[in-house]
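This briefing is meant to be read beside the sequence and the coordinates.

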Amino acid sequence: NLDADDLVLPGALDSAVRALQEEPTAAFAFGRTVHLHEDGRLTHPWETAVAFPPGRIEPGVVSDFWLRHGWDGMPISPVMWRRSHLFAIGGWAALSTLEDTAAVMTAAELWPSVYIDLDAQVYRINETQTTASAAFAAERRPNEAFLRERLFALKRLGLRPLPP
């Protein structure tokens with residue numbers, strides 16, 4: 001789930017694969033993101049910002065957090081997907097922003113996920129990145145409304161996949 005300029009940290013892929021093997025119904029596993037600034041500084045904002053304890057996270061917990069608080073509670077980009085689950089939700093939503101968040105929250109509503117307590121990815125921060133722009137913020141609002149509507153629809157329908 002990385003952007004083209006992100007870097008995977010050593011051990012992250014092995015840890016995510018192991019986590020998915022240990023939790024066969026989990027849709028995805030994720031670790032933390034480290035920020036690399038233009039001046040070369042590394043910061044660790046997710047070290048204390050992940051809203052969930054390490055290990056298995058039950059279906060609905062991550063998506064409920066997003067609905068209640070208006071932010072993810074987890075870094076979205078260092079997600080390792082179980083391919084079958086990503087295909088089952090139709091992949092990324094056709095949105096101008098939050099397309100990865102929509103996929104993560106949809107899957108998290110339906111299946112468990114796993115938080116791996118490690119730095120998994122380096123994310124490059126720069127002044128000109130799209131996600132820091134006013135245009136991105138303006139486009140984000142209708143996409144948030146779409147995602148809220150999707151999650152509420154899933155909840156109303158009571159959709160939960162059958163166990164394997």
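Is Ser113 buried or exposed? With a relative accessible area of 1%, Ser113 is buried, where buried means under 20% relative accessible area, exposed over 50% and partly exposed in between, for a 1.4 Å probe and protein chains only. The model is a predicted one, in which local features need pLDDT of at least 70 and side-chain atom pairs count only at pLDDT 80 or more, whereas totals for chains, interfaces and linings use all residues. Residues are numbered from 1 along each chain as its sequence is written, and side-chain values use heavy atoms, with hydrogens and water left out.

**Surroundings of Ser113**
- Ser113 belongs to strand S6, which covers residues 113–124; helices (H or I, at least four residues) and strands (E, at least two) are DSSP runs numbered from the N terminus.
- Once residues up to four places away in sequence are set aside, Ser113 touches Ala26, Phe28, Gly55, Arg56, Ile57 and Val62, a contact being heavy atoms within 4.5 Å.

**The chain as a whole**
- Five helices and six strands make up the secondary structure of the chain, and along the sequence they follow the pattern β-α-β-β-β-α-β-α-α-β-α.
- Along its principal axes the C-alpha trace spans about 50 × 35 × 25 Å, and 45% of the 164 residues count as buried.
- Among contacts in the chain with a separation of 6 or more, 78% are between residues 24 or more positions apart.

**Helix H4**
- Helix H4 (residues 99–110) reaches 17 Å from its first C-alpha to its last, close to the 16 Å expected at 1.5 Å a residue for its 12 residues, the expected span being 1.5 Å times one less than the number of residues.
- H4 is mostly covered, since 10 of its 12 residues are buried, including Thr101, Met105 and Leu110.
- The cover over these buried residues includes strands S2 (28–36) and S5 (79–81), together with helices H2 (61–69), H3 (83–88) and H5 (134–157).

**Asp100 within H4**
- Asp100, which is placed in helix H4, counts as partly exposed at 21% relative accessibility.
- Leaving out neighbours within four places in sequence, Asp100 is in contact with Asn1, Ile76 and Trp92.
- Asp100 and Ile76 are 24 residues apart in sequence, and their C-alpha atoms are 7.1 Å apart in space.
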